[in-house]
Amino acid sequence: MTIKVLYIVRGVSGSGKSTLCKEILKDEGAEEGTILSTDDYFMKKDQYVFDPKKLGVAHEWNQDRAEKAIKEGKTPILIDNTNTTRWEAKPYVQMALKAKYEVKIRETTTPWAKNAEILAKKNVHKVPLEAIRRMLDRWEDDYTVERILKSKAPKRHRKQQHHHKKKNNKGVPDMIQAVITNKSNITPHMKNMFPDTFGHHATIAFKPSEAFYKKLLGCGLAEGDPIDLHVDAHVSSASFGVETLRLTHLSAPKQNGMTIICANKVPHVTLSIHKQKGRKPVDSNKLLSMSFNDKKEETLNNVVIPATLTFVNW
């Protein structure tokens, strides 16, 4: 089973992002990876011709390329931008999580990574010293998937950030999920029984009503907030072709462990399914509500899996 990964690679111009990308590919054991940089938009006949007026268009162009690579299932995908602020990475992270990719963040650590004078001399695109200093001034630490999802773009950049985020007429998301951002949290509980593995999220609501959506927001929750998944059993059926984790409930640690309302009759995380049997992740509901001759249930005590509240739109 291959876990698909998207990397957010960040670093100021001249800090060694290209070298870091090569190291990531080596670590992944991948001969080739899909490296996507907004700078590619400005390459004209092997020359870098930057036009600040086209920067917004260039970012949308690169996001389109990322969306295409994700739809094609390529891995690993490396987003090779400066990514100085969290909101710049948000469209990529949202696309990746929606497609069940694991998101990892890597940052350049060269001795000169934060030295403006050296960076100005080393960067191949001849970015001037003052521009380098502005990048460093914008640099945000505590750069995590959770913080990225909660970030908001400055008003002048809102169109760029929401290029891939469509809303329905009432502004209600198509799906509300608790997304597992680190798959190592569920690996110990997975048997990998079937060819296709989906360990990724717990669905809180599919096609939620406007009332349900407002009720969730009324509890003080927002997209990107941490969510805990409380597991009580590993349930599987070889004949049916589904493996899942049953949840007792979902809670929000930020809201003092408040239990989160869930539209699913039996909250769960689909671990793996048998596509040749025609199974889909939604079939976990059938497994948990119906009896099968070979249905197995292994009790799990005090298992809590961290996740993140995410709104999915398509």
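Colleague: How do the residues of the lining of the largest pocket divide into nonpolar, polar and charged?
Modeller: In this predicted model, the largest pocket has a volume of about 1,300 Å³, and 47 residues line it, with Ser 13, Asp 39, Tyr 48, Thr 82 and Met 135 the closest to its centre. By class, the residues of that lining divide into 16 nonpolar, 19 polar and 12 charged.

Colleague: Which helix gives the most to the lining of the largest pocket?
Modeller: Helix 1 (17–28), helix 2 (55–71), helix 3 (86–98), helix 5 (129–138) and helix 7 (158–161) each supply at least two residues of the lining. With 5 residues in the lining of the largest pocket, the helix that gives the most is helix 2.

Colleague: Which strands stand at the edges of the sheet?
Modeller: The open sheet is formed by 4 strands with parallel pairing, in the order 2-5-1-6. The twist from one strand to the next averages 20°. One side of each edge strand is left without a neighbour in the sheet, because each has a single partner strand, and these are strand 2 (34–36) and strand 6 (102–107).

Colleague: What angle does the direction of helix 3 make with that of strand 1?
Modeller: Helix 2 lies across strand 1, strand 2 and strand 5 (77–80), and runs at about 160° to strand 2. Helix 3 also packs on the sheet, where it touches strand 1, strand 5 and strand 6, and its direction makes with that of strand 1 an angle of about 170°.

Conventions. Residues numbered from 1 in each chain as written. Predicted model: local features only at pLDDT ≥ 70, side-chain atom pairs only at ≥ 80, totals over all residues. Heavy atoms only, no water. 1 Å grid on protein atoms, 1.4 Å probe; cavity = no way out; pocket = protein on both sides within 12 Å on 5 of 7 lines; lining within 4 Å. Points joined across faces, edges and corners; volume = space filled by probe spheres on them. Nonpolar A, V, L, I, M, F, W, Y, C, P; charged D, E, K, R; others polar. Pairing = 2+ DSSP bridges. Axes fitted to C-alpha atoms, helices over the stretch in contact; angles between N-to-C directions. Contact = heavy atoms within 4.5 Å.
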